[in-house]
Amino acid sequence: MPRAYVCLRQTRARYALTGICSDVKVCGSSQMISLVLDAAGYTMKSLPWIRWTLGLLLLCTADADSGRKPNFVFMMVDDLGIGDLGCYGNTTLRTPNIDRLALEGVKLTQHIAAAPLCTPSRAAFLTGRYPIRSGMAATGRMGVFLFSASSGGLPQEEITFAKAVKGQGYSTAVIGKWHLGLNCEDSADHCHHPNSHGFDYFYGTIMTHLRDCQPGHGSVLHFVHGYIPYKALSIGLVSLVLLHIKGMITVPRRVVFGFLVLVGVVVSLFSLLVYTFPNLNCFVMRGQDIVEQPYTSEYLTQRMTSEAIEFLERNSERPFLLFFSFLQVHTGLFASPLFRGKSQHGLYGDAVMEVDWSVGQIMQTLERLNLKENTLVYMTSDQGPHLEEISIHGEMHGGYSGIYKAGKSTNWEGGIRIPGILHWPGVLPAGKVIDEPTSNMDIFPTVLNLAGVSKPSDRVIDGHDLMPLLQGQVERSEHEFMFHYCNAQLNAVRWHPPNSNAIWKAFLFTPDFYPENSSACFHTHICLCIKPFVTLHDPPLLYDLSKDPTESTPLSPDTEPQFFSVLEVIRGAVNRHAESLKPVPVQVSPLQIVWKPWLQPCCSSLSQLCTCERDHQIEKLRKRKE
């Protein structure tokens, strides 16, 4: 029988029907039926064939809900700059597989991360909510989890898109970096583990990949000196010495001795922390079991790619959701021997090329399993590049923001404007470019709508369904306002007025760059959100990104007639937004992120420095090399 393809546009998911309806595909958006016949010898004039097909369609769509729902594959690269990809303008770094995704799908050019740091951005991505709503926005200097034995994490009350689709029969997995907590009260409760948030399968790291996890790259803890108030301590110590010399105060020798002992103890404990950090924090889990501690990073991307492929193969006959969360290109940088030395951009470029290879492997697998036409693929980064990353040998290990200002940890465009590529053959148009404001929070409601799940009514969802915009049913984004937080501090507001091409952006404060003529914070290794590391602005700094996407020239009442009226509208939006916020426990407070020995995951014993190696992926790699 000739094969016919029928596309019924509805507001729900795309279905591949079974049985007699196996040749009929129902796909999604609104109130329009288009019939496409790809049958040898048939044309639109073949009325009997069309009547038969429409009759079959009526029979099949009556049972559409029992058919196959769309699959989801989400790939998130860590600290990737929007300027690192060929499809976003890079001409010196080869990313052919990612570029092909953009060529065959939709490319978003104003895709915004909900936060400029890993932990809060990922919380927003999974839940469709600003991280301040879930308590995943920090109140202190540290905005992410640094220890696996912290007690903070994504609250179980939050609904991730994985948890939301579980009731629809989806198999769900996260492979790679988690960075949203692990334990609450003991080392095995796993209250923040991916399994507690709707993911059936987990293979990856609870923490982010740090310098300490990569031998020869130094320690992230060495940058703690940027947070120590040396100036105040020096002034206090010098003053104390001068007062003692002049006889105005007397400092007993035992006090001096006690102080020196205290300094020695602190230095010793810090040295012990640096020494044990890789063993305690750099480990790979499969499910709820640690399979390698500490891990060897060299082949991690290849191992995780193999895990992703195996997951796709195991679940090819049922709907699935795969979140592939790359450890690359966060420092310490690594690349397997196959890619080392292949790029023009050192180890960073090598790592980007390996990520691109992995994306290609995933897409080839979808094609081999005949899943491409029923799978929505999304590729992005969690935030902008870490511009301050310099190796211990003086090499630049950060990415490229393109034309945009600054990078990770800032709400300048370079810190939050990220790649956004969506691919779904036959459903999304190929080669389309959209410049409307969109957010990584939009994936949550998009998934729920396509999977046939109602949005939660007991909480605010800040994301919007992307399908109408992607398919061209509407031309404007539903995001009139976007609120850009630096930890728990509202840092900037974006306004895209109706019936206007303007994109206004107002900064309430900005980070103090060091050196001053740079667009980074090399003195603290990452820009901070609190005094004395920021400059407050009253009135706020105002930009029109539609005319000044590089944020190079702030507007003033003299250069912009609407200056005060624009700020007035933004203030009103801020007030309405603030009224929508509810108090929640802060998960990234100093008390929650500090190391707690009783929460320490360990696959052997502390006396053995928690060392083990029992991952079958390692054995597979060894056999492959032999």
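This is a predicted model: local features need pLDDT of at least 70, side-chain atom pairs count only at pLDDT 80 or more; totals for chains, interfaces and linings use all residues.
User: How many residues of helix H3 are buried?

Analyst: Helices are DSSP runs of H or I with at least four residues, strands are runs of E with at least two, and both are numbered from the N terminus. Buried means under 20% relative accessible area, exposed over 50%, and partly exposed in between, with a 1.4 Å probe and protein chains only. Helix H3 covers residues 118–127, and it is largely enclosed by the rest of the structure because the buried count is 10 of the 10.

User: Which residue just after H3 takes a positive phi?

Analyst: H3 itself includes Phe-125, Leu-126 and Thr-127, which are buried. Just after the helix, a phi of about 70° belongs to Gly-128.

User: Is Ser-134 buried or exposed?

Analyst: Ser-134 sits in helix H4, residues 131–134. Contact means heavy atoms within 4.5 Å. Leaving aside neighbours within four places in sequence, Ser-134 is in contact with Arg-129, Leu-154, Pro-155, Glu-158, Val-584, Pro-585 and Gln-587. The relative accessible area of Ser-134 is 3%, so Ser-134 is buried.

User: How many disulfides does the structure hold?

Analyst: A disulfide is a pair of cysteine sulfur atoms within 2.5 Å. One of them joins Cys-602 to Cys-610, with S to S at 2.1 Å. The structure's total is six.

User: What is the handedness of the disulfide of Cys-184 and Cys-191?

Analyst: The sulfur atoms of Cys-184 and Cys-191 are 1.8 Å apart. Cys-184 is partly exposed at 30%, while Cys-191 is buried at 8%. The torsion about the S-S bond is about 95°, so the link is right-handed.

User: How many residues apart are Cys-486 and Cys-529?

Analyst: Cys-486 and Cys-529 form a disulfide with sulfur atoms 1.8 Å apart. Both cysteines are buried. The link is left-handed, at -65° about the S-S bond. The pair links distant parts of the chain, from Cys-486 in strand E16 (481–486) to Cys-529 in the loop between strand E18 (504–511) and strand E19 (534–544), and the separation in residues is 43.

User: What is the relative accessible area of Cys-610?

Analyst: The link of Cys-602 and Cys-610 is left-handed, with -110° about the S-S bond. Cys-602 is partly exposed at 27%. Cys-610 is buried, and its relative accessible area is 0%.

User: What is the area of the nonpolar surface patch that includes Val-241?

Analyst: Val-241 lies in helix H6, residues 230–245, and is partly exposed at 43% relative accessibility. The patch is made by Leu-237, Val-238, Leu-240, Val-241, Leu-242 and Ile-245, and its area is about 550 Å².

User: How far apart are the end C-alpha atoms of residues 255–277?

Analyst: The unreviewed UniProt entry places the feature "transmembrane region" at residues 220–243 and 255–277. Such annotations may be inferred rather than shown by experiment. In the model, residues 255–277 are 100% helix and 0% strand, and their end C-alpha atoms lie apart by 32 Å.

Terms used:
Residues are numbered from 1 along each chain as its sequence is written. Side-chain values use heavy atoms; hydrogens and water are left out. Patches are made of residues with over 30% relative accessible area and no salt bridge: like charges are joined within 9 Å, nonpolar side chains (Val, Leu, Ile, Met, Phe, Trp, Tyr) within 5 Å. Accessible areas come from the Shrake-Rupley method with a 1.4 Å probe; for residues, only the protein chains shown count as cover. A salt bridge is a side-chain nitrogen of Lys or Arg within 4 Å of a carboxyl oxygen of Asp or Glu.
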